[in-house]
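Please read it with the sequence and the structure side by side.

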Amino acid sequence: MDPHQRLNKTAESESSEKKKTRRCNGFKMFLAALSFSYIARALGGIIMKMSITQIERRFDISSSLAGLIDGSFEIGNLLVIVFVSYFGSKLHRPKLIGIGCLLMGTGGILTALPHFFMGYYRYSKETHINPSENSTSSLSTCLINQTLSFNRTSPEILEKGCVKESGSHMWMYVFMGNMLRGIGESPIVPLGISYIDDFAKEGRSSLYVGSLNAVGMIGPVIGFILGSLFAKMYVDIGYVDLSTIRITPKDSRWVGAWWLGFLVSGLFSITSSIPFFFLPQNPNKPQKERKVSLSSHVLKTNDERNQTANLTNRGKKVTKNVTGFFQSLKSLLTNPLYVIFVLLTLLQISSFIGSFTYIFKYMEQQYGQSASQANFLLGVITIPTIATGMFLGGYIIKKFKLSLVGIAKFSLLTSIISFLFQLIYFPLICESKSVAGLTLTYDGNNSVASHIDVPLSYCNSECNCDESQWEPICGNNGITYLSPCLAGCKSLSGIKKSTVFYNCSCVEVTGLQNRNYSAHLGECPRDDACTRKFYIYVAIQVINSLFSATGGTVCILLIVKIVQPELKALAMGFHSMVIRTLGGILAPIYFGALIDKTCMKWSTNSCGARGACRIYNSAFFGRVYLGLSMALRFSALVLYIVFIFVMKKKFQGKDTKASDNERKVVDEANLEFLNNSEHFVPSAGADSKTCNLDMQDNAAAN
């Protein structure tokens, strides 16, 4: 070989190595940027779920309306996902993902924006109680609430407040912000995975997707920690003197710093968008080298001519494609296996979404846990349990080389075990709190048939109290009273949280022997028996989460095997659309509407309109919340048995062993489930088979 040839070969080798390095660096940069976007989407989703109860109280809205706000994410996602999945692969994918992250961050900030325009949170819109100094005050009558007031708002300001509240619906900003977050989230998974599939080395894409989803788990971890921390902080932290706040995080009126979570997740999403705008469309060809040569210009001109000549043919193809689409859809909807599968997964996922949306409220109302404690416990319990269950399920399927029918049976078995464990939740329901005027007569001696219009007792009938007021106090007899006035209290001492009321006539008549008829601010805590039930509930939750996660991630494999190969992408896309529309949007609304029926005491705003619920009939709440979830799951189990029966008939005598490629699909489904931030935790009364809220993402990846 002469020196010239040697030099040429060396130059070619160096050029090839540079291209490889450029490709490697560009692709690695994309993976790093995509990892941050995965964390951002998971963080934003978990923050929204954890803040629903806080938003409900802050905006004085019902649970059903809060459910609609929660479902707005799915509405936004559905508006654009089809266009993103179809047109996204033809455009600059990194920039589209960057724009999505930017929109997602903007949505988070828009959600937090009302906090800065609504003024200070008034947790008691009626008159307030508090002496001006740390001394004992005595009154001739029990009109403490009307005689002494703390932070009393002037009539002029109250009148203006009424106009402002009745004329503004600030929760709409939260609705639009969450919808914008759903729009922004839509390109991340489908375009990200398709980009990896196009430019990763052969056989590596599954590894990269798995790594992405594993990294994405950081989002829920951070979300649970931040949610627990912010729930402890008062909503107007930094704006008011916290020493003047007389309610605690366990009070039903407490609102934590919900807006901080959305600001943090929004800013993180915007930051994660920046790298995508500097990445090339094709990692093999950096932007600096995109010089158009004369020959390429000629080729482009010829292509344009060819395109012009083929316009008529394109029109014919479009018509043919539309006709083919409806024929394919008809083929799917006349496939009994597919229809049964869509219905049973819809029931399962609706149960899960509805339960998870209100699990924080359930733990607060049922067991007296604060939002901060509920957030922290769910994060600590479920993340490691779900991860263990997911990989255990994948291992069992691979180890025993289960057939398709075997996988369906395995999933049914874990569902039944999970369902049986969830039945244990019913005996763990605590009795409703003893509340004079709601569950008991005002003298505390007798129970009442209904909480509506409970008549005043002789102990407070002369007090001229406002019965709509909610300023709960706990008598030393263990009974909660709606207000000091309705408890017949005649004197008080202390300031803020330590205020104590004395000579309470309604407490007096309950038969106390020490004649110390006193009460302190706040509701009475749950008894020891209910606390013990809570610990058992947590233990059952761990076991239930493990079984649910073990068998709940094989849906993708089942879908692709029960339809014709050419209908695979359409089957997954249609399934996702049904789940998001009827499950993601509707489930929180009807769960919330039924939960509203269990409310015993509603707040009232300055105009007298109904606001958020202050206290629920916890026993009724538990039966409705768990009962609805279990009814959905039981219906799904019945359909699952029918599904397996029909499947056995169809595949009888056929080789339905899952291939290696199909098991890879299961592995990727497991990892994708771990990162599904919107529906991450299998909650009380919920199955974790959120097999495919991201079906269309996987379809786009294919």
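In this predicted model, helix α16 (residues 404-423) and helix α18 (residues 528-551) have axes that come within 8 Å of each other and cross at roughly 165°. Since angles over 145 degrees count as roughly antiparallel, that crossing makes α16 roughly antiparallel to α18. The crossing in which α16 passes α18 is left-handed.

**Packing around α21**

- Where α13 meets α21, the residues of the contact comprise 15 nonpolar, six polar and two charged ones.

**Helix α13 on its own**

- Helix α13 is mostly covered, with 18 of its 22 residues counted as buried.
- At the start of α13, a side-chain oxygen of N335 reaches to within 3.1 Å of the backbone nitrogen of L337.

**Helix α3**

- Helix α3 (residues 93-112) has 20 residues and reaches 29 Å from its first C-alpha to its last, which is close to the 28 Å expected at 1.5 Å a residue.
- The buried residues of α3 include the glycines G98, G100, G105, G107 and G108, and among the others that are buried in this helix are R93, P94, I97, C101, M104, T111 and A112.

**Positive phi values outside glycine**

- K401, which is not a glycine, has a positive phi of about 45°, and this residue is found in the loop between α15 (371-399) and α16.
- With a relative accessibility of 52%, K401 counts as exposed, because the cut-off for that class is over 50%.
- N503 is likewise a residue other than glycine with a positive phi, in this case near 55°, and its place is in the loop between β6 (500-502) and α17 (505-508).
- The relative accessible area of N503 is 46%, and N503 is therefore classed as partly exposed.

**C599 and its position in strand β8**

- C599 lies in strand β8 (residues 599-604), and C599 is buried, since its relative accessible area is 5% and the cut-off for buried is under 20%.
- The C-alpha atoms of C599 and F621 are separated by 8.1 Å, although the two residues are 22 residues apart along the chain.

Methods
Residues numbered from 1 in each chain as written. Predicted model: local features only at pLDDT ≥ 70, side-chain atom pairs only at ≥ 80, totals over all residues. Heavy atoms only, no water. Nonpolar A, V, L, I, M, F, W, Y, C, P; charged D, E, K, R; others polar. Buried < 20%, exposed > 50% of the residue type's maximum accessible area, 1.4 Å probe, protein only. Helix = DSSP H or I, 4+ residues; strand = E, 2+ residues; numbered from the N terminus. Polar contact = N/O pair within 3.5 Å; in protein donor to acceptor, adjacent residues only side chain to side chain. Axes fitted to C-alpha atoms, helices over the stretch in contact; angles between N-to-C directions. Parallel < 35°, antiparallel > 145°, perpendicular 65-115°, else oblique. Left-handed = near helix turned anticlockwise from the far one by under 90°. Expected span 1.5 Å × (residues − 1).
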